[in-house]
Amino acid sequence: MLLPLFLCLSSSFFIGLDIGSFYSKASTLINSESPSIFYNSDNSSITPSFFAFRSKPNFDWRNPKQLSPDEAGQLYPVFGESALRTMETRPWMGSGFWPLLSNIDTHEALKITQQFGFNNTAARVQLDDLIILYLKNYIDRVREPYRNRKIQDICFVFPATFTQPQRSIFEYALKNFGIQKSHNIDDVDAVSYVYGIENREEFQDKPKTVLFIDLGGLSIKSYAVKFEIAKKLFSTVTGPKATRLSYVINRNEGGAYLTNRIVDFMKKKINVENVSPAEHRRLFRAAEKIKLELTEQESAYTIIENIGGIDHQFTMTRPELNLLCRYLIDATVAIARNASTGIQYDDIEIIGGSSKIPYVTKSISEVLRQKIKQTLPAEETLVLGAGYSNAFRHNDRYVSVEMFEEKSLYTIKLTTLNDTYPVCTRGEKCVDSVTVTHDAQIIMFGYDDSEIQPGHLVRGFGYYLDYADKGEIQVRLKHGPLRVQAAFTCHPESGCKDNKLDQLDPPRPLSQVFKMHMKPELRQKRLNETHQQLDNFSRLVLYEVEKNQSFRAFTNYSQRIEIIRCAERQRKWLYEYGNTITEPINFTLRLNELKKLVFPVYRRIRDNNTLYNEMSRLYTTIQNGKHGIEVAWPVNRSYVDKKIIANFSRQLKKADNFLNETVKIINESPGWAPYPVKINDIKLVNDELTLKFNEIQLTPPPPTEDNPHPTPILPPEYLERLKRGHMRGDDPIGGIYDSPNTPNPNEKKVESFEEFVESKRDPYDTDDL
């Protein structure tokens with residue numbers, strides 16, 4: 001029994017992830033070792049949080065339509081530094097800002113990305129899919145040295161202000177490529193874990209309150225945490241205890257905003273004003289490089305390539321950088337003061353990439369009149385905390401740091417079908433459980449709209465509950481972040497038993513298009529499908545040209561010769577090269593070439609049938625009208641105003657002339673050319689005539705003493721058809737339209753928006769080919 005357990009532990013592998021707006025960091029944990037920082041191939045602990053695609057020059061990134069599987073097959077994914085290099089020449093092929101843009105609407109997303117010359121999509125791939133692809137590629141790189149070990153758990157670090165719907169996007173992303181076990185912690189928790197383990201001697205003898213400042217890429221955060229040694233809950237063991245006292249965030253300042261100011265400084269110095277998106281990306285990348293070098297040097301030099309067709313040499317000194325840091329410094333001081341209002345703190349610790357700029361740290365220290373410590377790693381503290389979180393959960397090497405939350409960041413309410421219950425009030429302590437009625441069935445947690453980041457698409461989350469006949473349901477909660485631990489159905493007589501929790505919004509599965517980037521067998525399957533489609537269609541076309549009389553009737557000699565040559569050309573190409581092709585797009589392009597010649601013929605055949613059907617309906621309506629004027633109405637519609645019947649008679653004659661002229665034109669038109677008369681023209685004439693016909697047919701007789709509320713005198717079958725829909729002229733007595741709500745038994749069931757769009761698409765449309 002011990003051997004399987006030993007083997008399991010010996011192969012255990014855990015990952016911590018800090019997916020920042022600009023840079024990602026990772027930590028790894030093996031068995032009972034200490035967490036270690038992951039370094040990429042550039043020997044750096046930070047990897048740009050960007051994902052891009054390389055493609056052939058003819059890829060249409062402006063096309064508003066959904067990416068097809070074959071187009072996806074043309075895209076080669078890259079991430080990190082490679083993605084940034086791709087975006088320097090083709091910025092529309094890449095994107096980033098994953099934490100900031102997740103669960104945010106397009107309007108707010110554009111406001112963020114346009115400031116920095118980025119996109120919120122890449123190569124027509126939407127954000128949710130990009131997050132999945134980025135995580136898959138980044139995690140694969142992290143686990144590369146440990147490829148024989150199975151990932152047991154992944155810990156994400158998020159800002160404490162991240163809502164549960166935002167966190168779920170990343171956890172669902174993992175499930176799309178097979179990682180089922182993950183958890184997440186707040187950034188405050190991560191910092192507290194590192195400080196509580198590595199700086200324990202600072203509060204060993206007496207409690208200490210630390211004000212932390214985190215200078216992120218697109219935000220500045222500050223929070224006060226009280227550290228002390230205390231007994232652990234339900235145990236006699238003592239260990240570090242951390243209590244969050246405050247948390248403040250500014251989303252309008254950070255390291256990336258400083259980089260943008262360096263870009264503006266560069267443009268003035270090299271004398272350029274208007275730049276393209278690609279040029280802005282090159283300037284931004286050069287500015288980021290300069291900023292990093294100036295953290296260690298007094299001056300930095302770089303060459304900015306191809307701005308206005310010229311390579312520019314650029315030098316910047318540390319005093320010049322210091323002048324641009326004023327906005328960052330002022331915003332940081334304001335945030336720190338806000339976070340420390342009413343709190344007596346002992347130390348200040350600063351982390352984040354911009355904390356490595358000496359002038360920034362020195363200036364903040366001078367304004368706050370207290371020395372700022374930098375005992376924690378500037379870039380890696382959060383992800384190291386994720387590593388400790390994995391260690392606390394999966395080995396006993398460390399005594400865990402217990403986190404407590406004094407004040408909630410949000411106002412959160414729990415809503416059922418029957419009532420609403422308070423869970424958290426901003427600035428106050430949250431409740432640990434909520435008791436709801438036995439018939440609740442659904443619980444929804446909602447955030448106050450005024451407190452969350454603007455533009456949130458999903459503002460809450462919820463669960464289905466099992467129905468209980470009696471008693472009550474207790475919902476157990478945990479905070480920092482808010483999550484539902486369990487639910488119990490309780491009754492005074494029978495006690496409590498588990499109540500199953502099912503999420504209201506299950507994770508969205510990865511689209512079939514992007515599974516092609518993750519599963520080679522699906523790519524091979526698509527290759528075989530497109531090969532077979534081209535083979536089958538070319539055979540079918542050659543048969544149609546030779547044997548199908550309708551096909552021959554709607555083509556002329558030169559059209560048939562062109563179609564035959566194209567089909568034979570595809571057959572020959574398949575014979576010579578079909579088994580050596582590795583990209584599905586090669587088969588699809590040749591299939592589309594043939595469809596462009598054949599589909600117009602199929603469309604003419606279909607339109608011919610539809611045209612004659614519409615003409616038949618118009619003919620029936622005209623005959624009904626003539627029968628009414630000459631036979632029926634003089635007997636049973638004599639009370640109708642003669643002017644109305646005269647107007648109908650004129651419209652009937654006009655429609656009759658139109659139909660005769662249409663028949664003549666069609667008979668004289670060749671089948672291989674488009675008809676000069678359109679189907680909608682005939683349908684419009686028929687609809688107008690049917691409307692006037694029904695106005696007369698449905699006119700009731702005048703009221704009398706015996707019948708003050710008369711109804712039209714109609715045959716019973718006419719009334720029955722009238723109940724089912726709207727009248728139309730293809731019925732012997734006036735006709736009907738089928739009701740729009742009447743289901744069509746032959747119609748394919750549509751289960752998604754994409755299927756709905758596809759169902760409305762003309763099957764013989766050649767615009768997309």
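# A walk through the predicted chain

Leu 321 has a relative accessibility of 0%, so it counts as buried. Leu 321 belongs to helix 11, which covers residues 318-324. Set aside its neighbours within four places in sequence, and Leu 321 is in contact with Leu 258, Ile 262, Leu 294, Met 316 and Ile 357. Phe 265 lies 56 residues away from Leu 321 along the chain, yet 9.5 Å separates their C-alpha atoms.

Now step back to the whole chain. It has 769 residues, and 50% of them are buried. The fold is built with 23 helices and 29 strands. Take the contacts between residues at least 6 apart in sequence: 69% of them join residues at least 24 apart. The accessible surface comes to about 39,300 Å². Carbon and sulfur atoms account for 50% of that surface.

Return to the region of helix 10. His 280 sits in this helix. Is His 280 buried or exposed? Its relative accessibility is 14%, and the cut-off for buried is under 20%, so His 280 counts as buried. Beyond its neighbours within four places in sequence, His 280 is in contact with Phe 116, Gly 117, Asn 260, Val 263 and Val 275.

How many cavities of 30 Å³ or more does a search of the whole structure find? The count is 2.

Next, the strands. Strand 14 (residues 299-307) pairs with strand 15 (residues 310-317). The two run antiparallel, with 7 bridges between them. Tyr 301 stands opposite Thr 315 of strand 15. The pair forms a hairpin with 2 residues between the strands. Gly 308 is in the turn, and its phi is positive, at about 65°.

Strand 23 (residues 460-465) has partners in two other strands. Strand 22 (residues 442-447) joins strand 23 through 5 bridges, in the antiparallel sense. Here Ile 442 has Tyr 464 as its bridge partner in strand 23. Strand 27 (residues 501-503) is joined to strand 23 by 3 bridges, and these two also run antiparallel. Leu 465 stands opposite Leu 501 of strand 27. How many of the 6 residues in strand 23 are buried? The number is 5, which leaves the strand mostly covered. In a regular strand, side chains alternate between the two faces of the sheet.

Last, consider the backbone in two loops. Most residues other than glycine have a negative phi. Asn 43 has a positive phi, near 60°, and is not a glycine. Asn 43 lies in the loop between strand 3 (36-37) and strand 4 (47-48). Its relative accessibility is 64%, so Asn 43 counts as exposed. Arg 124 also has a positive phi, of about 70°, without being a glycine. Its loop runs between helix 5 (106-113) and helix 6 (127-143). Arg 124 has a relative accessibility of 11%, so it counts as buried.

Note on methods
Residues numbered from 1 in each chain as written. Predicted model: local features only at pLDDT ≥ 70, side-chain atom pairs only at ≥ 80, totals over all residues. Heavy atoms only, no water. Buried < 20%, exposed > 50% of the residue type's maximum accessible area, 1.4 Å probe, protein only. Helix = DSSP H or I, 4+ residues; strand = E, 2+ residues; numbered from the N terminus. Pairing = 2+ DSSP bridges. Contact = heavy atoms within 4.5 Å. Areas by Shrake-Rupley, 256 points an atom, 1.4 Å probe, with all protein chains shown as cover. 1 Å grid on protein atoms, 1.4 Å probe; cavity = no way out; pocket = protein on both sides within 12 Å on 5 of 7 lines; lining within 4 Å. Points joined across faces, edges and corners; volume = space filled by probe spheres on them.
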